[in-house]
Amino acid sequence: MNPIQIFYDSPYFENLNETEPFQRYLEVEQDKTRESIKGGRVLDIGCGSGRSTAILSGVADEVIGIDFSERLLNQARKILQRNENVRFYLEDAKSMHFKDSKFDHVFMLWNTFGNLYSVRDKVLQEAKRIVKPEGNIYLSVFSENVLPSYLNMLKQNGLIIEHQDENYVFLREGLVSERFNREKLEKILDKAGLKGDIQPLTDIAYWCEVKNSKFS
Ligand SMILES: C[S@@+](CC[C@H](N)C(=O)[O-])C[C@H]1O[C@@H](n2cnc3c(N)ncnc32)[C@H](O)[C@@H]1O
């Protein structure tokens, strides 16, 4: 297991108390997610314990959630057992079993994209492969302004920072958290052959609607 997987497979994430700016971020993200699609087959990459999957289940025809934490996935399965349009798979987002162009939309919410570290660009390529040519990839990520609030939330939750730089916070408990500015997001997308519409979600986050331009 890599350190990020160890973090998510331990009780840290499920016990996290979000401080105010993060509660607001998740509320605004929820509204944005709901208004972004109408129906279709949707993939929730890094679905965790199903918070984002539950939101998507209300607006999609079908939702598949994948995660590499068995512990979180078991919670998601339990919480959403009555949602008939939802299925889950235990797998790593860097190489998923789905056929090309299977999904109308692919989501990575709650800064999941910022937790991928060394496999970030590989996961974006996978998302591009499995979304339909006319489909979208939606990313909700931490912005360059998140750091003071993020450090405060970690402190309040008793989590220990091992190292930090201009892009990342590395926790002793294994989590790596990346933050993004507009220019950096544009470069990442450009390198992947994708184009995105990037908008502020709150002052600590961006919403990025990515067009799959692979056949254009
Ligand atoms: C911040 S949580 C988001 C959970 C959920 N999407 C939500 O919005 O509440 C990030 C999730 O991504 C998962 N994750 C991180 N890297 C992954 C990878 N390479 N493959 C699969 N899941 C991954 C973690 O296990 C965790 O559940």
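1. Trp110 sits in the loop between strand 4 and helix 5 (120-130). Helices (H or I, at least four residues) and strands (E, at least two) are DSSP runs, numbered from the N terminus. This is a predicted model, in which local features need pLDDT of at least 70, side-chain atom pairs count only at pLDDT 80 or more, and totals for chains, interfaces and linings use all residues. Residues are numbered from 1 along each chain as its sequence is written.

2. Trp110 is not a glycine, yet its phi is positive, at about 55 degrees. Trp110 counts as buried because it has 21 C-beta neighbours inside 10 Å. The classes are buried (20 or more other C-beta atoms within 10 Å of the residue's own), exposed (12 or fewer) and partly exposed (in between), with C-beta atoms placed from the backbone.

3. Ser101 also needs a look at its backbone: its phi is positive, near 55 degrees, and it is a residue other than glycine. Ser101 lies in the loop between strand 3 (86-90) and strand 4 (103-108). Ser101 counts as partly exposed because it has 16 C-beta neighbours inside 10 Å.

4. The ligand is surrounded by 21 residues, and the closest are Tyr8, Gly46, Gly48, Ser52 and Trp110. Helix 1 (3-8) and helix 3 (51-57) are the elements that give two or more residues to this shell. Its classes are 10 nonpolar, seven polar and four charged residues; nonpolar means Ala, Val, Leu, Ile, Met, Phe, Trp, Tyr, Cys and Pro, charged means Asp, Glu, Lys and Arg, and polar means the others, Gly among them.

5. Strand 4 is mostly covered, with five of its six residues buried. Strand 1 (residues 41-45) runs parallel to strand 4 and is joined to it by three bridges; strands pair if DSSP finds at least two bridges between them. Val42 is opposite His105 in strand 4.

6. Strand 5 (residues 131-142) pairs with strand 4 in the parallel sense over five bridges. Leu139 in strand 5 is the bridge partner of Met108. From strand 4 the chain crosses through helix 5 to strand 5, a right-handed β-α-β crossover (clockwise from the first strand over the helix to the second, with the strands pointing away from the viewer).

Note on methods
Near = placed C-beta within 6 Å.
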